[in-house]
Amino acid sequence: MDYSGNFHGGFAVKKDVPICHHCDESSGIKKHGITAAGFQRYFCMLCKRSFQTGYTYKGREQHIAGQIERLLLDGLTPEQISEEIQVEFNTVKQHVKKLSLLAD
């Protein structure tokens, strides 16, 4: 039975199993406490790293680099990107620097 009360093939299926932000695997994920802000933390048994699925600060979210890259391609400046996605300017600068290193 999954968390919605459904049976699948006679065995229990977990619903919404998180994917590790470091190795992109969903097997071997265990709960690993709660942050001070109340977010669930997880530990990946495969890569031995912890992560969480929600963050108080948006700059730590998983797909922020892709958003920054897309906005750069749309012609926005790092300052405009910082305002648009509501993250610190220095966070945007760090992602821009990483993107420029990857492009070289």
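Reader: Hi, what percentage of the 104 residues of the chain count as buried?

Author: In this predicted model, 22% of the chain's 104 residues count as buried.

Reader: What about contacts between residues at least 6 apart in sequence, what share of them join residues at least 24 apart?

Author: Of the contacts in the chain between residues at least 6 apart in sequence, 29% join residues that are at least 24 apart.

Reader: Let's go to the helices. At what angle do H1 and H2 pack?

Author: H1 and H2 pack at an angle of about 130 degrees, and their axes lie 10 Å apart. As for handedness, the crossing in which H1 passes H2 is right-handed.

Reader: Which residues meet there?

Author: On the H1 side they are Ile 64, Gln 67, Ile 68, Leu 71 and Leu 72, and on the H2 side they are Ile 81, Glu 84 and Ile 85. Sorted by class, this contact of H1 with H2 has six nonpolar residues, one polar and one charged.

Reader: Can we stay with Leu 71 for a moment: is it buried or exposed?

Author: Leu 71, which has its place in helix H1 (residues 64-73), has a relative accessible area of 6%, and because buried means under 20%, Leu 71 is buried.

Reader: Leaving aside its neighbours within four places in sequence, what is Leu 71 in contact with?

Author: With those neighbours left aside, Leu 71 is in contact with Leu 76, Ile 81, Glu 84 and Ile 85.

Reader: Now H2 and H3, how do they pack?

Author: Helix H2, which covers residues 78-85, packs with helix H3, residues 89-103, at an angle of about 120 degrees, and the axes are 9 Å apart. That angle makes H2 oblique to H3, and the crossing of these two helices is right-handed. H2 contributes Pro 78, Glu 79, Ile 81 and Ser 82 to the contact, and H3 contributes Phe 89, Val 92 and Val 96. The residues of this contact of H2 with H3 divide into five nonpolar, one polar and one charged.

Reader: Where is Asp 24, and is it buried or exposed?

Author: Asp 24 has its place in the segment before strand S1 (29-34), and with 55% relative accessibility Asp 24 counts as exposed.

Reader: And what about Lys 48, what is its phi and where does it sit?

Author: Lys 48 is not a glycine, yet it has a positive phi of about 60 degrees, and its place is in the loop between strand S2 (40-44) and strand S3 (49-52). Lys 48 has a relative accessible area of 55%, so Lys 48 is exposed.

Terms used: Residues numbered from 1 in each chain as written. Predicted model: local features only at pLDDT ≥ 70, side-chain atom pairs only at ≥ 80, totals over all residues. Heavy atoms only, no water. Axes fitted to C-alpha atoms, helices over the stretch in contact; angles between N-to-C directions. Helix = DSSP H or I, 4+ residues; strand = E, 2+ residues; numbered from the N terminus. Parallel < 35°, antiparallel > 145°, perpendicular 65-115°, else oblique. Left-handed = near helix turned anticlockwise from the far one by under 90°. Contact = heavy atoms within 4.5 Å. Nonpolar A, V, L, I, M, F, W, Y, C, P; charged D, E, K, R; others polar. Buried < 20%, exposed > 50% of the residue type's maximum accessible area, 1.4 Å probe, protein only.
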